[in-house]
Amino acid sequence: MLTTLAAGRVFDFSHAVGRGGGSGMGFSRAVALALGEGDTVYVLNRGAEQIKDVPWHQAYVGARVGKFTIGPVPGDEEFVADFSRPGNGPGQFIWPAGLALDSQENVYITDEWLNRVSIFDKDGNFLRDWGVAGRGDGAFNRPSGIAIDPQDVLYIVDGRSHRVQKFTPDGEFLATWGGFGSAPGQFNAPWGLTIDQQGNVYVADHKNHRVQKFTPDGEFISQFGSYGTGKRHLNRPAGVAVDPDGDVYVCDWANHRIQVFAPDGQIVTGLVGDAQELSKWAKMSLVTNPGAMQRRREVRNFEQEWRFAFPTAVIFDAHYSRLIVADTQRNRLQIYNKLKDYQQAARTI
């Protein structure tokens, strides 16, 4: 459905952005998103595995950050720049996982393999990195999701150590909470996290199939979600966002959908993807390939192509009241507007 009405909310599909590709207007397994000033959107591309005569953990190509402007009108998107590339040198990535911006729009990237955080300015210039491998306070064991509060305090998910850690922008350790398990406040391979307007921290508890909510100091508040494929269920959630109304959006990764929860944790609806029209940049690629256009005309039903495939990241753009989803396996973004003044037309017979 292009327009979803549920529990007093209206989510109206707008358009898709992007295409598969190694640089520029293409995405390569987008796994994290962040909003910059104006219409700027940063997209972290994890890259696609390509086995060559190099160690397997370095056989990823296309790992980079893409910077774009995405306006409110479909087609009003522009590529600005790419920065970084695969590798283990300064300013390079092997398994990039999380992306966040500080108050100066500096860009922080976590790397699961290198167990470090790399920092760039908004123009993509490498500034510094920090982090060491380990399980002690301040060390990393597969860091992934990252969020930064208005005071520039960093919250980072440490996936293999099943915890959240807090740092200053320079990497000074502040605090930690969590531990392996399924009880409230414990985690099993957590992945993404976000911070709401009150400073509360939401963590996508990946293998516990739930989202947990904490105070900024790590005190457990609540949880929602359980394993399954039904209306209220989650299956390996990967990303989470919260809008100014307190509604929570969860990348229900293995169920290929976005689950929308009310502030009290009650399910509102699910979004499964509505990209019935190719993005502007995908169309540009298609018109240069007559053979591909011919093959598409032979397809009778494109519904599978419309849908999400392992969505990994989600952000809510409050300025335009819109949801932006990293449709990871389809190498694109899907955008939904959350409408406040929707009027239903009278039905006619």
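Student: Which strands each supply at least two residues of the lining of the largest pocket?

Tutor: In this predicted model, the strands are β5 (30-35), β11 (96-101), β15 (143-148), β19 (193-195), β23 (240-242) and β27 (313-317).

Student: What is the volume of the largest pocket, and which residues are closest to its centre?

Tutor: The volume is about 1,200 Å³. The lining has 45 residues, and those closest to the centre are Leu-35, Ile-148, Thr-194, Ile-195 and Ile-315.

Student: What makes a residue part of that lining?

Tutor: A lining residue has an atom within 4 Å of a pocket point. Leu-35 is one of the 45 residues that line the largest pocket, so Leu-35 has such an atom.

Student: How does the lining of the largest pocket divide by class?

Tutor: It has 26 nonpolar, 12 polar and 7 charged residues. Ile counts as nonpolar, so Ile-148, Ile-195 and Ile-315 belong to the nonpolar class.

Student: What is known of the second largest pocket?

Tutor: The second largest pocket has a volume of about 650 Å³. Its lining consists of 22 residues, with Arg-46, Glu-112, Trp-191, His-206 and Trp-253 nearest the centre. The classes here are 8 nonpolar, 7 polar and 7 charged. Arg and Glu count as charged, so Arg-46 and Glu-112 are among the charged residues of this lining.

Student: Why is Ser-118 called buried?

Tutor: The relative accessible area of Ser-118 is 2%. Buried means under 20%, so Ser-118 is buried.

Student: Where is Ser-118 found, and which residues is it in contact with, leaving aside neighbours within four places in sequence?

Tutor: Ser-118 is found in strand β13 (residues 116-120). With those neighbours left aside, Ser-118 is in contact with Gln-92, Phe-93, Val-107, Tyr-108, Ile-109, Phe-126, Arg-128 and Asp-129. Contact requires heavy atoms within 4.5 Å.

Student: How do you know whether Ala-7 is buried or exposed?

Tutor: Ala-7 has a relative accessible area of 57%. Exposed means over 50%, so Ala-7 is exposed. Ala-7 lies in the loop between β1 (3-6) and β2 (9-17), and its phi is near 50°, a positive value in a residue other than glycine.

Student: What is the phi of His-209?

Tutor: Phi of His-209 is near 55°, a positive value in a residue other than glycine.

Terms used:
Residues are numbered from 1 along each chain as its sequence is written. This is a predicted model: local features need pLDDT of at least 70, side-chain atom pairs count only at pLDDT 80 or more; totals for chains, interfaces and linings use all residues. Side-chain values use heavy atoms; hydrogens and water are left out. On a 1 Å grid over the protein atoms alone, a cavity is a set of points where a 1.4 Å probe fits but cannot get out, and a pocket is an open set with protein on both sides within 12 Å along at least five of seven lines; lining residues have an atom within 4 Å of a point. Grid points are joined across faces, edges and corners, and a volume is the space filled by probe spheres set on the points. Buried means under 20% relative accessible area, exposed over 50%, partly exposed in between (1.4 Å probe, protein chains only).
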